[in-house]
Amino acid sequence: MDYCRMTTEVILHYRPYENDPKQLANIAENVIQDFPTHPRSRFIPWFPHDESKLPLKPKKLPPVISEEAAENVKQYLTISEPSVKSQSYDCTVDLLEFQPSSKMQHLIQSHTLKEQTNLANLDKNSGKEKQHKKRSWSVSLASKHCPKKIFPLSRKLQASLKTLHLHSLHRARWTLENSVCNNQTLEDIWTKLNHLIRHNELPSCNATIQRQLGQIWVFCDIKYCEYVGNLLKERLSLIGKINLFVHKYGVIFSM
């Protein structure tokens with residue numbers, strides 16, 4: 001039961017089984033009456049209030065540190081602190097042009113040799129990185145255009161979504177393994193897949209290659225998953241079955 005209080009009248013809403021006229025009249029009268037107010041009681045603290053003394057005192061006195069213990073702590077701190085050089089405010093200390101001529105020549109030679117060594121090491125490392133460092137995530141461009149020729153989801157997939165209470169915009173992933181590559185390497189499939197995603201041929205998709213697992217994961221919205229799966233099998237010349245995986249639910253569909 002609820003009610004609305006107005007300036008000149010009271011509108012009382014009631015359920016069909018609460019239609020007793022006497023009870024409704026009493027409720028209306030109670031609504032018109034002012035709400036009762038009570039005087040605020042004076043606050044009395046639960047401890048003796050004296051500004052000169054603390055209300056709470058510790059049960060035990062604080063521990064007393066002997067002079068010997070204090071000295072041991074100081075020695076430990078002195079040993080553990082790293083030695084810091086005295087700060088110099090001379091800004092020319094480490095500049096080569098302000099060094100004596102003989103020392104300056106030696107410093108320039110050692111500095112040049114060090115730079116050459118660093119550059120050689122950098123070239124070696126960059127060469128190794130170029131060999132081993134490969135892109136593991138796809139690059140896709142934002143696009144508002146979705147393909148028009150997308151058919152409704154199959155009855156089997158719709159039944160799975162209904163059973164698991166999954167929304168059509170829930171993310172899922174197709175798993176591509178070496179067994180479906182049809183005499184192609186996983187890297188070949190990865191290159192072709194990146195081309196499809198970069199040109200927005202796979203709606204709502206992004207992908208990653210798991211080289212240590214020998215798999216490629218293609219993520220998409222469930223409402224596009226069958227369209228994406230058929231396009232993957234056709235454009236990448238895949239054979240066998242590919243599985244649709246949803247986090248926390250496992251494989252929910254195969255094609």
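Trainee: Let's start with the fold. Among contacts in the protein between residues at least 6 apart in sequence, what share joins residues at least 24 apart?

Mentor: It's 63% of those contacts. Keep in mind that this is a predicted model. As for its elements, there are six helices and seven strands, and from the N terminus on they run β-β-α-α-α-α-β-α-β-β-α-β-β.

Trainee: How much of the protein counts as buried?

Mentor: Of its 255 residues, 22% do. The accessible surface comes to about 21300 Å², with 56% of that belonging to carbon and sulfur atoms.

Trainee: What makes up the largest nonpolar core, and which residues have the most contacts inside it?

Mentor: That core has 35 residues, and those with the most contacts inside it are Trp174, Leu193, Leu202, Ile216, Val218, Val228 and Leu232. Several elements each supply at least two of its residues, among them α4 (155–164), β3 (171–177), β5 (215–221) and α6 (225–235). The largest share, six residues, comes from α5.

Trainee: What does Ile216 touch, not counting residues up to four places away in sequence?

Mentor: Its partners include Trp174, Leu176, Leu186, Ile189, Trp190, Leu193 and Ile209.

Trainee: Now the charges. How many salt bridges are there?

Mentor: The count comes to three.

Trainee: How do you know that Asp221 and Arg171 meet in a salt bridge?

Mentor: Their side chains are 2.9 Å apart, N to O, and the cut-off is 4 Å. The pair passes, and it links distant parts of the chain: Asp221 sits in strand β5 and Arg171 in strand β3, 50 residues apart.

Trainee: Why is Asp221 called buried?

Mentor: Buried means under 20% relative accessible area. Asp221 is at 14%, so it counts as buried. Arg171 is at 35%, so that one is partly exposed.

Trainee: What makes Glu226 a charged residue with no salt bridge?

Mentor: The nearest side chain of opposite charge, Lys156, is 8.9 Å away, and the cut-off is 4 Å. Glu226 is found in helix α6 and is buried. Leaving aside neighbours within four places in sequence, its contacts include Pro152, Leu157, Phe253 and Met255.

Trainee: Last one. Which residues form a nonpolar patch on the surface?

Mentor: Val73, Tyr76 and Leu77, with about 330 Å² of accessible area together.

Trainee: What makes Leu77 partly exposed?

Mentor: A patch residue needs over 30% relative accessible area, while exposed would take over 50%. Leu77, in helix α2, has 45%, so it counts as partly exposed.

Key
Residues numbered from 1 in each chain as written. Predicted model: local features only at pLDDT ≥ 70, side-chain atom pairs only at ≥ 80, totals over all residues. Heavy atoms only, no water. Core = buried A, V, L, I, M, F, W, Y, C linked by side-chain atoms within 4.5 Å. Buried < 20%, exposed > 50% of the residue type's maximum accessible area, 1.4 Å probe, protein only. Helix = DSSP H or I, 4+ residues; strand = E, 2+ residues; numbered from the N terminus. Contact = heavy atoms within 4.5 Å. Areas by Shrake-Rupley, 256 points an atom, 1.4 Å probe, with all protein chains shown as cover. Patch = residues over 30% accessible without salt bridge, like charges linked within 9 Å, V, L, I, M, F, W, Y side chains within 5 Å. Lys, Arg positive; Asp, Glu negative; His and termini not counted.
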